Amino acid sequence: MTARGRVLGIETSCDETAAAVVERGRTVVTSVVSSQVDLHARYGGVVPELAGRAHVELALPVVTDALAGAGLDRRGRSFEDPAGPVGIDAVAATIGPGLIGALLVGVSTAKALALAWGVPFVGVNHLEGHLYAAMLEAPEIELPVVVLLVSGGHTLLVALDAPGSYRVLGATVDDAAGEAFDKVARFLGLGYPGGPAIEAAAASGDPRAFAFPRAMLDEGLDLSFSGLKTAVVHAVRRSPEASNADVAASFQQAVVDVLVAKALRGAEAARAGGLCLAGGVAANGLLRKTLSAACEELGLPVYVPSLAMCTDNAAMVAAAGWFQLRQRGPSPLDTGAQPNLRLPLGS
Ligand code: KG4
Ligand code: ZN
């Protein structure tokens, strides 16, 4: 182990090929993300076969870029001392959840590098990675915090008590928040990915034009979005003259109202010292603004990461890998990709 505690993280669970070098789970030395969003846009969603093939092409160039950003050549040696030791202490990769053909590329790349360099391999849960994203940008965060993780595949409220120790407080019982954005955008003909398209359309709309349901608002910490999606479909069929802007604004407001209410309730239930946002939907301007304002009013610290840290990246994977390595040790080299991996309940 070098004094720096440098982990190379690799992320290929969906449509981003990413690699990063992070020191001691806290300091991002370099983070490279190559998005395939243009490749999939014309199909209206991620095509697994295409994603896997693109990862194969991009994995080594992206890893090489990340290593170069840390002053290392593609053999992991310092540019200044090419005959010297490897400058990476462990290689972490997302093992799930995600698309099997996509995950396998990152997992195989990471294992090969770990084996060649004689350093530990760490298989990381992608969702656990998202939990550390805010901490990478705000080292002053004091745990415990509650993380609202809102992505295309997941909507979770998680209490992060200490690195490696977390409790799932609530989750969607049906669609993920991002999935609702994507489905409603498709229904309205706004294109893919749906979140940014809805947000853009909503900018000129009236969020009070339609009184869409706020499901389970007063019940516990679980969430539900499939009824909201159905309500949008019914409303548009009933009022075909309605503008996309008004529908999008009203839908977005309903999602944000629920997410903010649940996040605040989660923070209270866990007696958390702060709230963090994570996942692709955290890029939503209304969500960021509304949650920040609500927390400010309550005097509750709120950490809203940059857009790059909200969406999929490898820095969060390297950070999770570091904490996991320290607490549970390396993963065996026969660890497989696990497409349906979940966040364990408690730890
Ligand atoms: O975390 P992420 O990049 O990928 C995974 O799902 O893991 O999240 C992607 C999701 C998509 O559903 C996308 O529509 C949504 O995040 N999203 C947004 C915005 N930008 C991306 N949703 C609402 N508003 C946005 N500005
Ligand atoms: Zn993600």
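Predicted model: local features only at pLDDT ≥ 70, side-chain atom pairs only at ≥ 80, totals over all residues.
Residues are numbered from 1 along each chain as written, and chains are lettered from A and ligands numbered from 1 in the order of writing. Local features need pLDDT of at least 70, side-chain atom pairs count only at pLDDT 80 or more, totals for chains, interfaces and linings use all residues, and side-chain values use heavy atoms, without hydrogens and water.

**Exercise 1.** Describe the shell around ligand 1 and the backbone atoms that approach its oxygen atoms.

*Solution.* Begin with the residues that have a heavy atom within 4 Å of the ligand: there are 17, and the closest are Gly152, Asp182, Gly195, Glu199 and Gly280. Next, sort them by class, with Gly counted as polar, which gives 4 nonpolar, 10 polar and 3 charged residues. Then assign them to helices (DSSP runs of H or I, at least four residues): H5 (177-188) and H6 (194-202) each supply at least two, and H6 gives the most, with 4. Finally, look for pairs of N or O atoms within 3.5 Å: a backbone N or O atom of Gly195 lies 2.9 Å from a ligand oxygen, while for Val281 a polar backbone atom is 3.4 Å from one.

**Exercise 2.** Identify the residues that line the largest cavity, and state which helix gives the most to this lining.

*Solution.* Take the lining of the largest cavity, which includes Pro213, Phe225, Leu228 and Val258. Helix H8 (residues 244-269) gives the most, with 3 residues.

Terms used:
1 Å grid on protein atoms, 1.4 Å probe; cavity = no way out; pocket = protein on both sides within 12 Å on 5 of 7 lines; lining within 4 Å. Polar contact = N/O pair within 3.5 Å; in protein donor to acceptor, adjacent residues only side chain to side chain.
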